[in-house]
Amino acid sequence: MCTMLVKKVPVEGFGRGTDGWFDMKQANVSWDHPFHAPEEHALNIDFVNESYGPGARVAVELSVDGARQLAETIQSVLSEAEDRGLI
Amino acid sequence: MYTTDQYEGMLAETVALRGADGNRVLAYCARPLGPGPFPGMVLVHHMPGWDEWYREATRRFAHHGYVAISPNLYERFGHGSPEDVAAAVRADGGVPDDQAVADLEASMHYLRALPYVNGKVGIFGTCSGGRHAVLVASRVAGFDAVVDCWGGGVVMPTDQLTPQRPVAPIDYTADLNSPVLGLFGAEDHSPTVDDVAVHEAALEEHGKDFEFHMYEGAGHGFFYYHRPSYRQEQAVDGWEKIWAFLGQKLSN
């Protein structure tokens, strides 16, 4: 919240949190202070289901390069799956 | 000054108070044992939440002779690990300024009601807590000293104002009625050296009592010993400046 750079996106899927698997409803994407990554800022993604409380969270804290590569790779894999008629 | 034949004791515990809109807010309170009177300090936690560092810092202030209280500004987001709760707050762009101001004002009044507080209450905050400290001391009477450690967002361009943070704290500078100690890192991205200079100019323009220190070789969060941002030399000097400043401003 120091940077105020945050966006929420609906995401259907399942994630494994501290209490096991749960159905995720949303991803919160921010460029802000991470909790663990040894940087002042990181690209943070929290996959959450707010109806289960703050503990229903799967967190990643990515470097800039890592975040860009992840986004490109997701697009690439989905495109290839579409090309092969798997989606 | 502490001497080795001196009695020391401390009480530290979770307490509750009524914050904004009368809602219950938990707070961590630590105080030296004895009748006092001791000066009071409100500690405003940082963006990563009401975490272990802040409970330790609360006890640190008590160790140095203050009745210290640190309210959980994220109370309305539910309970869980400090990181999980703070992540939920981060996703919502922070807590509303009005709510934070009311919670911190309630914390100040909590201290003032205690029979072992000497009638002087200061406020300390780091990161977003530094911003909150400046904000509440500008909007609410009753704070006798402010310690702003690298509070980002005191200076805010209009395009960064939000419903939660509708006014930049610097715009309240004329109403600030307590002295300010500011500690900043020259390598910080929020606040930048330029942001700090703008804040400094506003304090000078309004004739406020303040001292700012800009540390070379330090960035954001240089007190946090559990993070790579920790800078031992700058942190030691910063704490010494805090004790000197508060000793001067909060003693009777």
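In what order do the elements of chain A run from the N terminus on? They run β-β-β-β-α. The views below come from a predicted model.

**View 1. Chain A holds one helix and four strands.** The C-alpha atoms of chain A fill a box of roughly 45 × 30 × 20 Å along the principal axes. Of the chain's 87 residues, 24% count as buried. Among contacts in chain A between residues at least 6 apart in sequence, 38% join residues at least 24 apart.

**View 2. Chain A meets chain B.** Chain A brings 19 residues to the contact, and chain B brings 28 residues. On the chain A side, strands S1 (5-17), S2 (20-32) and S4 (57-62) each give two or more residues. S2(A) gives the most, with three residues. By class, this side of chain A has eight nonpolar, six polar and five charged residues.

**View 3. Eight strands of chain B form an open sheet with mixed pairing.** The order is S1-S2-S4-S3-S5-S6-S7-S8. S1 (10-18) and S8 (210-215) of chain B stand at the edges with a single partner strand each, so one side of each lacks a neighbour in the sheet. From one strand to the next, the twist averages 20 degrees.

**View 4. S2 (24-32) and S4 (67-71) of chain B pair in the antiparallel sense.** Four bridges join these strands. B:Ala30 stands opposite B:Ala68 in S4(B).

**View 5. Helices H4 (128-139) and H5 (193-205) of chain B pack on the sheet.** H4(B) touches strands S3 (38-44), S5 (117-126) and S6 (145-149) of chain B. The direction of H4(B) makes about 135 degrees with that of S5(B). H5(B) touches S7 (180-185) and S8 of chain B. The direction of H5(B) makes about 165 degrees with that of S8(B).

Terms used
Residues are numbered from 1 along each chain as its sequence is written. Chains are lettered from A and ligands numbered from 1 in the order in which they are written. This is a predicted model: local features need pLDDT of at least 70, side-chain atom pairs count only at pLDDT 80 or more; totals for chains, interfaces and linings use all residues. Two residues are in contact if their C-beta atoms, placed from the backbone, lie within 7 Å. Ala, Val, Leu, Ile, Met, Phe, Trp, Tyr, Cys and Pro count as nonpolar, Asp, Glu, Lys and Arg as charged, and the others, Gly among them, as polar. A residue is buried if 20 or more other C-beta atoms lie within 10 Å of its own, exposed if 12 or fewer, and partly exposed in between; C-beta atoms are placed from the backbone. Two strands pair if DSSP finds at least two bridges between them. Axes are lines fitted to C-alpha atoms, for helices over the stretch in contact, and angles run from 0 to 180 degrees between N-to-C directions.
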